[in-house]
Amino acid sequence: MTRISVTVDGVDYSDEVEPRTLLVHYLREQLGKTGTVVGCDTSNCGACTVHLDGRSVKSCNVLAVQADGHDVTTIEGLATNGELHPMQQAFHECHALQCGYCTPGMIMQAIDVLNDNPNPSEQEIRVGLEGNLCRCTGYHNIVKAVQQAAGAGAATGSSAGTTSGSTLGGEPV
Amino acid sequence: MIPASFDYLAPTSVADALSALAEAGDDVEVLAGGQSLLPILRMRLNAPDKVIDLGRIKELQGVSEDGDHVVIGAMTTYADVLASDLVRQHAGLLTDAIAEVADPQIRHRGTVGGALVHADPAGDVGAPALALDTEFVITGSGGERTVAAGDFFQDLFETAVGEGELLTAIRIPKHTGWGHRYEKFVRVSHQWSIVAVAATVRVDGGTIAEARIGLTNMGSTPLRATAVEQALVGKAATDEAVRDACAAAADGTNPPSDLNGDSDYRKHLATVLTRRAVLAAAGG
């Protein structure tokens, strides 16, 4: 076992993990942060996307030990005081989901797209989301939601974690 | 899918990494960005006793300038190379190719050095590295040595990096002012290249003065289309002249046959994509 210290959604954790533990499994099973889901488990679908030091990564393709000393933001860290992040609000208003399984990763990647480019064209949004698969929507309303969020200035606050994150299974420092 | 158990080491210097590598024995894997290695470990195609993570070694990260060369640390991420003005200005072909690698999340983690040492012939950085006459800096316990691009890729997933050695940097001769284009053919977004062509061209007064062309997934290693390079010299940068020269793009190649296309189809694609890449490079 290896001891790691990670900040997740604004809360500092220190935990023992096996080196082979994937970041997504650490988040879900040790910290109880099940908002981040496992989709394809082959690093194709993007459902497990989180931010590592403010940049999007597929958390099924990162070891928890690689996140030692770093800052992770998950879908659970976006809302502040019960108020949805502008990207979450835009997904809600534009009905940018059907089954919802891809949504956590889609929202995290959509925020990353706007962090890189606050005013993307439709094509730039589609290219920016190419690592996230949705089998329900045909992407149409997802693109609309990102456009709406861009208009609302959603490019900020991607790593603004809450200070009341779940500590289930984790050991808050 | 969860990897088999392994011991994990995260050295913070090249010297410490080399010592760890020397002590690790035979059954060790070096972890760069992990975007190819972790899927391999998860699918248990490999189950090493030890994994040495280079991610904490700052000296392996970053892009710099050294006279006539651009130097890229082996652990520089795709995203950081993509954002580099130095690379864009002096080795724009690499920028073009990296923009086509996988997706943004993978580009945030994956490293140029990791991809080159992994040496998947369908990977997108080998062909531009080859076309740009990149020098590979390999470090072992005895010090550094430099290997020419043509000697680096040895076979499927095999490079000149030996046991106990690490690729520490690549040095790209500046191709300032050269036009460039990476033409990648895939059927679905962020797929591995079925075939891709990396072309960089120096045009002088409407005539192609020099051309460098690398082929992705046309054999067990990235390949240079030297016959086309020679045929292009002195030709006008017109569709007709370039089309004739590019007809030889698949000469000497041995591309795989798989569900995406058979070998002959890939050879045809290579000629078409080479023409498109050269024309775009000559025009830009």
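Reader: How many salt bridges does a search of the whole structure find over all chains?

Author: Side chains of opposite charge can pair when their charged atoms come close. Taking a salt bridge as a side-chain nitrogen of Lys or Arg within 4 Å of a carboxyl oxygen of Asp or Glu, the search finds 20 salt bridges over all chains. This is a predicted model, in which local features need pLDDT of at least 70 and side-chain atom pairs count only at pLDDT 80 or more, while totals for chains, interfaces and linings use all residues. Residues are numbered from 1 along each chain as its sequence is written, chains are lettered from A and ligands numbered from 1 in the order in which they are written, and side-chain values use heavy atoms, with hydrogens and water left out.

Reader: Which parts of chain B does the salt bridge of B:Arg145 with B:Glu165 link?

Author: The closest N and O atoms of B:Arg145 and B:Glu165 are 2.8 Å apart. The pair links distant parts of the chain, 20 residues apart, with B:Arg145 in strand 7 (residues 143-148) and B:Glu165 in the loop between strand 9 (158-159) and strand 10 (166-173); strands here are DSSP runs of E, at least two residues long, and helices are runs of H or I, at least four, both numbered from the N terminus.

Reader: What is the area buried between chain B and chain A?

Author: The size of an interface is often given as the accessible area lost when the parts come together. Summed over both parts and computed with a 1.4 Å probe, the area buried between chain B and chain A is about 2,500 Å², of which carbon and sulfur atoms give 48%. B:Gln105, B:His108 and B:Arg109 supply 25% of the area that chain B buries against chain A, more than any other three residues. Between the two chains there are two salt bridges, one of them being that of B:Asp103 with A:Lys58, whose closest N and O atoms are 2.6 Å apart.

Key
Buried area = accessible area lost by both parts, 1.4 Å probe.
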